[in-house]
Amino acid sequence: MPAKSHLMLAAALFSSVFVSPVAAQLQTDCDPLKKTCPPDPALGTMHLFNFNATPPEHTFNLTAGTVDYNVDTGAAFTMRKKGESVTLISNFYFFFGKTEVFLKAASGTGVISSIVWSSDVLDEVDWEFKGGNATHAFSNYFGKGMPDWKNGGDHLVEGGVLDDYHNYTCVWTKDKLEWWLDGGLLRTLLPKDANNTLNYPQTPMKLSLGIWAGGDPDGPQGTIDWAGGVTDYSQPHTMYVKSALVEDYSSGKEYSYSDQSGSWQSIKIASGNSTAFENINKEPEKSLSEKWNDLPSGTKSGVYAASGGVGAILLVALIFYYFKQRRRGQQEAALAAQRLEQDRVELEMYKKEGRDPDALAFDGTEYNSKSGMASTTYGLSDSPPGSSAGPPQKTWDPTGSSGAAAMPLLRDDTMSTYRDSPGSGPTPQIPAPTSTPPINRSFSSSSNAPGRMGSPGPQANAYGAYGGAR
Ligand SMILES: *[C@@H]1O[C@H](CO)[C@@H](O)[C@H](O)[C@H]1NC(C)=O
Ligand SMILES: *[C@@H]1O[C@H](CO)[C@@H](O)[C@H](O)[C@H]1NC(C)=O
Ligand SMILES: *[C@@H]1O[C@H](CO)[C@@H](O)[C@H](O)[C@H]1NC(C)=O
Ligand SMILES: *[C@@H]1O[C@H](CO)[C@@H](O)[C@H](O)[C@H]1NC(C)=O
Ligand SMILES: *[C@@H]1O[C@H](CO)[C@@H](O)[C@H](O)[C@H]1NC(C)=O
């Protein structure tokens, strides 16, 4: 894992004049400073990942061990043995943006909890927490993998980092990078202060949340010292993350490096919906009545015409299907229960309206042809189980209001609670010039002189040297 080992190298530099290259494996799947690489999939939106349940499919990779999701504590990253650096790493990148992570660090000497942004060219932005230091959080950054002992910062955290969750936020534009703690600004990095823009993080980042052993006895002494001592593997260490809000200040499908400068101006944004966006907005699992609606009309007619007994069997089969479908632990179980209840209420409703599905002798086709108004109310394909009492009083509404209420647990619609106090947070700038065309938008613009940053070209060699050393 580049980010972690990178930290270790930096950590070694921090506390020791002796620079040990042993632990570091500065590497990236493909180095855009050396060759053409596949584009980075974008986030292209804002999303609150609520770790009371697994994140939406294919938004994060788990590198080692397991993460347990819980309504009360959020995601639990437990390091149980040597080498088990439990890390969730995003499958998506953001190009300037913001993350707000609610985290409770793991205790234990030599145990490091971390929030890391890292790019393909090893730009990096960090929050780190030492399990042996209950009082302080540590901030850090790197440009193009260049370790610099002057980059780190330490910050007193009221209430302590190990005992409670805190809001660890970073806000990043081309003009500045900020670290916020529980709504208070701790630190601002300006490009000119990062080796005159060369080491300013400025390339598309992915987010990692992870726990690792800074004090691994086989690691460099400098890293062990920095981490506060040797890691005790005799007991498990757990870091908790309740949620991570990630906002991509760019919108688009993917990011690519148009040259080997590693500058933000060289990043191109391809338009379209990102894969992450698609995954996040995938249709939630369907309710019983939605599934009913999806059945081919022939099947439905068959069910309509059949006896109540067959209807009941179908119902049981569908309920069974629910239980087969649920794989994600108790939240889903609760949801399923909620849905069953919702279905029960619906069935009650049909009964009240004289539409008892168990007492149906209803042929959709016949009904449709008999009553002209039927086709305007609902077509054959979505015909409700009607009744001899004639057209139902209201249109077929499979979800109902209770259906809408059943969903937010998984759909993370709580975003609004994060957004409804616009004045309280930082007001980040959207970096992209709005006038540029949407397709293959590039930030390069010489008229942007004041904010323009130089190319960290010379770093490419230095980076190569680091990479080559392992
Ligand atoms: C996540 O895993 C997929 C499938 O193994 C892989 O293609 C992708 O590169 C991984 N992404 C990251 C950020 O590690
Ligand atoms: C925690 O870190 C701060 C900042 O580096 C330091 O002043 C303090 O002594 C450390 N506390 C412990 C217990 O190591
Ligand atoms: C977390 O901190 C950021 C930065 O101060 C702030 O904008 C945001 O509203 C905070 N989030 C919550 C949920 O309080
Ligand atoms: C800062 O940039 C110069 C090139 O202008 C480079 O020689 C030097 O190594 C850089 N320093 C760091 C700490 O990256
Ligand atoms: C992007 O997603 C939105 C909302 O789902 C959809 O309306 C739009 O057609 C999609 N655009 C593309 C290019 O697929």
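A residue is taken to be near a molecule or strand if one of its heavy atoms lies within 4 Å of it. By that criterion, the residues around ligand 2 are Gly132, Asn133, His136, Phe138 and Asp154. This is a predicted model, in which local features need pLDDT of at least 70 and side-chain atom pairs count only at pLDDT 80 or more, while totals for chains, interfaces and linings use all residues. Residues are numbered from 1 along each chain as its sequence is written, chains are lettered from A and ligands numbered from 1 in the order in which they are written, and side-chain values use heavy atoms, with hydrogens and water left out.

In the shell of ligand 2, an oxygen atom of the ligand lies 2.2 Å from an N or O atom in the side chain of asparagine 133. An oxygen atom of ligand 2 is also 3.3 Å from an N or O atom in the side chain of aspartate 154. Taken alone, ligand 2 exposes 360 Å², of which the protein buries 42% (accessible areas come from the Shrake-Rupley method with a 1.4 Å probe).

Ligand 1 is surrounded by Asn61, Ser90, Asn91 and Lys206. The side chain of asparagine 61 places an N or O atom 2.2 Å from an oxygen atom of ligand 1, and a polar side-chain atom of asparagine 91 lies 3.0 Å from a nitrogen atom of this ligand. The protein covers 39% of the 360 Å² of accessible area that ligand 1 has on its own.

The backbone also deserves attention. Most residues other than glycine have a negative phi. Asparagine 196, however, has a positive phi of about 55°, and it is found in the loop between β14 (184-189) and β15 (205-213); strands here are DSSP runs of E with at least two residues, and helices are runs of H or I with at least four.

The structure holds ten salt bridges, each defined as a side-chain nitrogen of Lys or Arg within 4 Å of a carboxyl oxygen of Asp or Glu. One of them joins lysine 82 and aspartate 216 at 2.7 Å, N to O. Lysine 82 lies in the loop between β5 (74-79) and β6 (87-90) and aspartate 216 in the loop between β15 and α2 (221-227), so the pair ties together parts that are 134 residues apart in sequence. Aspartate 216 counts as buried at 12% relative accessibility, whereas lysine 82 is partly exposed at 41% (buried means under 20% relative accessible area, exposed over 50%, and partly exposed in between, with a 1.4 Å probe and protein chains only).

Methods:
A polar contact is a pair of N or O atoms within 3.5 Å; within protein, one must be able to donate a hydrogen and the other to accept it, and residues adjacent in sequence count only if both atoms are side-chain atoms.
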